[in-house]
Amino acid sequence: MSTVHDVRTLTDPADRRAASDVFHGTLHRGPVSDEVWEAHGQAADEHWLGVYTADGEIVGSANSFPTRLTVPGGAGVAAAAVSGVGVRADSTRAGRLTALMRAQLSAVRDRGDTAAVLRASEAAIYGRYGYGVASRGDHVTVTARPGWRPDAPAAGTVRMLDRAEAAKVLPDLQDRLAAGRPGGMTRTARWWRRAIDPAGPAAGEYKAIAVHTGPDGDDGFAVWGVTEGDLPGGRDEIRIQQLWAGSPAATAGLWRFLTGIDLAAAVSAWSRPLDEDLDLMLTDLRAHRVTGRSDDLWLRIVDVAGALGARAWGAGDPVVLRLHDPLFDDAGTWRIGPDGVAPAGDTLPDLECGLESLGPAFLGDRTPSALARGGRWTEHTLGAAARADAVFAVPGPAPWCGTFF
Ligand SMILES: CC(C)(COP(=O)(O)OP(=O)(O)OC[C@H]1O[C@@H](n2cnc3c(N)ncnc32)[C@H](O)[C@@H]1OP(=O)(O)O)[C@@H](O)C(=O)NCCC(=O)NCCS
């Protein structure tokens with residue numbers, strides 16, 4: 001028997017604060033201070049939900065902020081960036097997250113957004129709601145002062161900014177760079193305040209910021225902290241928190257700068273784009289080590305026609321793809337080809353998958369053939385997955401979100 005849970009929309013800042021405290025508790029963290037809550041806790045353009053017990057106590061939360069997500073071909077679609085998801089430990093496994101997700105995704109659809117996106121704490125949670133991994137990132141470590149090949153791209157200069165200057169320069173720059181890569185998303189003022197505000201939650205941390213300027217102006221930036229080494233002077237590890245680059249020369253310029261900083265033994269980063277290809281630029285390619293790979297952005301399409309219509313498509317013969325929505329109504333059957341997308345009605349499909357398995361192909365992280373080999377797509381017509389590979393292939397950077405939220 002399924003229980004009906006009391007899910008409420010939260011607009012009162014006091015209710016949102018209670019939700020925030022529950023959420024932080026689910027991450028094993030204490031509540032934020034009054035000061036931090038006042039300055040950085042929530043914003044008017046966000047959508048907050050809480051789930052309550054019969055006694056009126058809040059035990060779970062989910063919220064989202066508006067963003068524009070770049071899709072293959074360069075268009076941006078309206079999306080809800082989901083965050084703050086948690087259910088108090090004494091109230092889990094009773095369907096409360098499911099109630100929150102259903103309410104949240106219904107509201108996202110009613111607002112006219114094309115998709116919802118999130119970063120997942122655990123990979124087993126969100127597939128059941130139609131989310132799939134749409135981009136992945138490599139964890140990398142580069143030894144300090146590696147040799148750079150003479151033919152490594154180089155065009156530009158690097159300058160360091162203090163946090164106040166960075167707050168003026170970085171948001172527009174990141175918006176521009178994120179528009180050039182599928183999976184890139186715009187960030188809100190609150191996101192930036194929390195990340196770099198001199199008086200923000202990260203105020204006491206060492207945090208340094210640099211911008212790369214190429215022939216056409218600013219084209220990349222990096223924000224980093226350090227993991228302190230045991231020995232004074234020379235064993236710190238620089239840890240990149242953000243690095244966006246709009247060209248191979250900006251990528252090389254920023255990494256060259258970071259790996260050349262004194263008193264550091266290595267530079268590491270969590271989740272770099274799969275097409276960064278830094279090893280190709282080094283004289284000793286083993287100075288660059290990929291130490292792991294993980295899921296980056298999770299995508300849940302809510303408006304199938306809008307999402308498929310916004311994306312560019314490659315050459316090749318059209319395919320008919322039947323989609324299933326694990327939470328809501330049927331997601332339809334679609335003819336997809338170089339000329340675009342149209343509803344295919346009752347046509348027998350060449351291929352079939354759930355929305356959670358469309359996400360990985362939608363931004364270009366996985367091919368339909370790979371998804372069919374993995375059992376995630378069903379191929380009804382022999383050779384249809386290979387045809388879909390050509391249709392889904394669009395030239396451009398590998399998908400990567402690069403924003404943690
Ligand atoms: C993840 C979390 C929100 C789930 O809440 P919940 O109310 O227990 O979820 P539900 O009861 O609605 O579970 C729905 C289904 O998902 C499964 N599920 C939920 N959390 C799961 C997890 N962490 N791992 C595996 N399965 C999970 C449940 O078993 C249930 O499966 P069923 O439908 O087959 O019975 C909660 O465990 C939590 O707060 N965790 C810590 C904070 C966190 O990780 N938040 C997510 C941030 S991205």
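A residue counts as buried when its relative accessible area is under 20%, as exposed when it is over 50%, and as partly exposed in between, using a 1.4 Å probe and protein chains only. By that rule, buried residues make up 50% of the 405 residues in this protein.

Welcome to a predicted model, in which local features need pLDDT of at least 70, side-chain atom pairs count only at pLDDT 80 or more, and totals for chains, interfaces and linings use all residues. Residues are numbered from 1 along each chain as its sequence is written, and side-chain values use heavy atoms, with hydrogens and water left out.

Let's start with the overall fold. The protein has ten helices and 19 strands, taken as DSSP runs (H or I, at least four residues, for helices; E, at least two, for strands) numbered from the N terminus. Its C-alpha trace spans about 65 × 60 × 35 Å along the principal axes.

Now to the ligand. Its shell holds 19 residues, and V87, R93, G95, S121 and E122 come nearest; a residue belongs here if one of its heavy atoms lies within 4 Å of the molecule. The table lists polar contacts, meaning pairs of N or O atoms within 3.5 Å.

| Residue | Protein atom | Distance to a ligand oxygen atom |
|---|---|---|
| V87 | backbone N or O | 2.8 Å |
| L97 | backbone N or O | 3.1 Å |
| S121 | side-chain N or O | 2.6 Å |

The elements giving two or more residues to this shell are β4 (76-87) and α3 (96-110).

Notes. Polar contact = N/O pair within 3.5 Å; in protein donor to acceptor, adjacent residues only side chain to side chain.
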